[in-house]
Every structure is written in C-alpha cells, then in structure tokens.
Amino acid sequence: MVDYRLATTGDASAIGAVHVMSWRETYAGLLPRDMLDGLSADRRSAMWAAVLEVPASPIATRVYVAESAGEIIAFGACGGQRDDAMRERGFAGEIGAI
C-alpha cells in the first residue's frame with residue numbers, strides 16, 4: 001500500500017536520498033558516470049530543506065511524498081509557472097520534479 005501526503009521539512013533527507021538514487025537509476029548509460037557518481041544526497045537534502053522551509057503560499061512550490069511501510073519511496077514537486085511564455089499560453093503551473 002502506498003500513501004501520499006504533503007512533505008514536511010523533516011522529509012528533506014529522505015527526499016534527497018530518493019532524488020539521487022532515482023537519477024542514478026534513470027540516467028545510467030545516458031549521462032556520464034562521473035556526473036552521476038558526483039551527485040550528493042546531502043546536497044540534495046539541503047536543497048529540499050530550503051524548498052520545504054518556504055512558507056505556504058499560492059505560488060510556493062508544493063512537494064508531495066509517497067510512502068510505503070513508513071518509508072518515502074517517491075516524491076513530486078509542483079508550483080507556479082516560472083516561464084512567462086508558458087504562462088501567456090495559459091499554463092499557470094508546472095511540475096518541477098517527479
């Protein structure tokens with residue numbers, strides 16, 4: 001069973017680990033191995049902690065996690081549209097990570 005919920009600042013470490021692991025699995029053979037080996041779960045965790053610390057607002061990034069047996073197994077992030085041209089075409093939001 002998988003449960004979905006809004007992420008909290010306490011989830012940053014697990015999100016960072018999943019982020020790096022998913023990149024290494026998804027992009028193996030497509031991106032240089034040195035690049036993938038150089039990814040840091042600690043740096044990604046710090047980045048996600050900074051995102052999650054921003055107070056909720058209509059334009060803030062929202063991060064959701066998927067949990068199985070109490071462990072974060074996936075995440076996704078969405079927020080307001082950052083590209084002016086896309087916004088002008090009617091796309092008010094975007095998915096930033098999945």
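Helices (H or I, at least four residues) and strands (E, at least two) are DSSP runs, numbered from the N terminus. In those terms, Asp37 sits in helix α2, residues 33-37. This is a predicted model, in which local features need pLDDT of at least 70 and side-chain atom pairs count only at pLDDT 80 or more, while totals for chains, interfaces and linings use all residues. Residues are numbered from 1 along each chain as its sequence is written, and side-chain values use heavy atoms, with hydrogens and water left out. The protein has four helices and four strands, in the order β-α-α-α-β-β-α-β along the sequence.

**Confidence and overall dimensions**

- The mean pLDDT of the protein is 94, and 98% of the residues score at least 70; pLDDT is the predictor's confidence in each residue, from 0 to 100.
- Where pLDDT is low, the predicted coordinates should not be read in detail.
- The C-alpha trace spans about 40 × 30 × 25 Å along its principal axes.
- Of the 98 residues, 27% count as buried, where buried means under 20% relative accessible area, exposed over 50%, and partly exposed in between (1.4 Å probe, protein chains only).
- Among contacts (heavy atoms within 4.5 Å) between residues at least 6 apart in sequence, 48% join residues at least 24 apart.

**Strand pairing**

- Strand β1 (residues 3-6) runs antiparallel to β2, and four bridges join the two; strands pair if DSSP finds at least two bridges between them.
- Arg5 has Val65 in β2 as its bridge partner.
- β2 is also antiparallel to β3, through seven bridges.
- Along β3, Gly76 is the bridge partner of Tyr64, and Ala74 is that of Ala66.
- Four bridges pair β3 with β4, again in the antiparallel sense, and Gly93 in β4 stands opposite Gly80.
- In a regular strand the side chains alternate between the two faces of the sheet.

**The turn between β2 and β3**

- The hairpin of β2 and β3 has two residues between the strands.
- Ala69 lies in this loop and has a positive phi near 55 degrees, although this residue is not a glycine.
- Ala69 counts as exposed because its relative accessibility is 82%.

**Helix α1**

- α1 has 16 residues and reaches 22 Å from first to last C-alpha, close to the 22 Å expected at 1.5 Å a residue; the expected span is 1.5 Å times one less than the number of residues.
- Its buried residues are Ala12, Ile15, Gly16, Val18, His19 and Val20.
- The cover over these buried residues includes α3, β2 and β3.
- After α1 comes Gly29, with a positive phi near 85 degrees.

**Nonpolar core**

- The largest nonpolar core holds 13 residues, of which Ala7, Ile15, Trp48, Leu52, Val63, Val65 and Phe75 touch the most other members.
- At least two residues of this core come from each of α1 (12-27), α3 (41-53), β2 (62-68) and β3 (71-80).
- A nonpolar core is a set of buried Ala, Val, Leu, Ile, Met, Phe, Trp, Tyr and Cys residues joined through side-chain atoms within 4.5 Å.
- Neighbours within four places in sequence aside, Leu52 is in contact with Ala7, Thr8, Thr9, Ala12, Ile15 and Val63.

**Two aspartates**

- Asp11 is placed in the loop between β1 and α1, and counts as buried because its relative accessibility is 8%.
- The side chains of Asp11 and Arg5 are joined by a polar contact of 2.7 Å. A polar contact is a pair of N or O atoms within 3.5 Å; within protein, one must be able to donate a hydrogen and the other to accept it, and residues adjacent in sequence count only if both atoms are side-chain atoms.
- Not counting residues up to four places away in sequence, Asp11 touches Arg5, Val65 and Ile72.
- Asp37, in α2, counts as partly exposed because its relative accessibility is 44%.
- Asp37 and Ala97 are 60 residues apart in sequence, and their C-alpha atoms are 20 Å apart in space.
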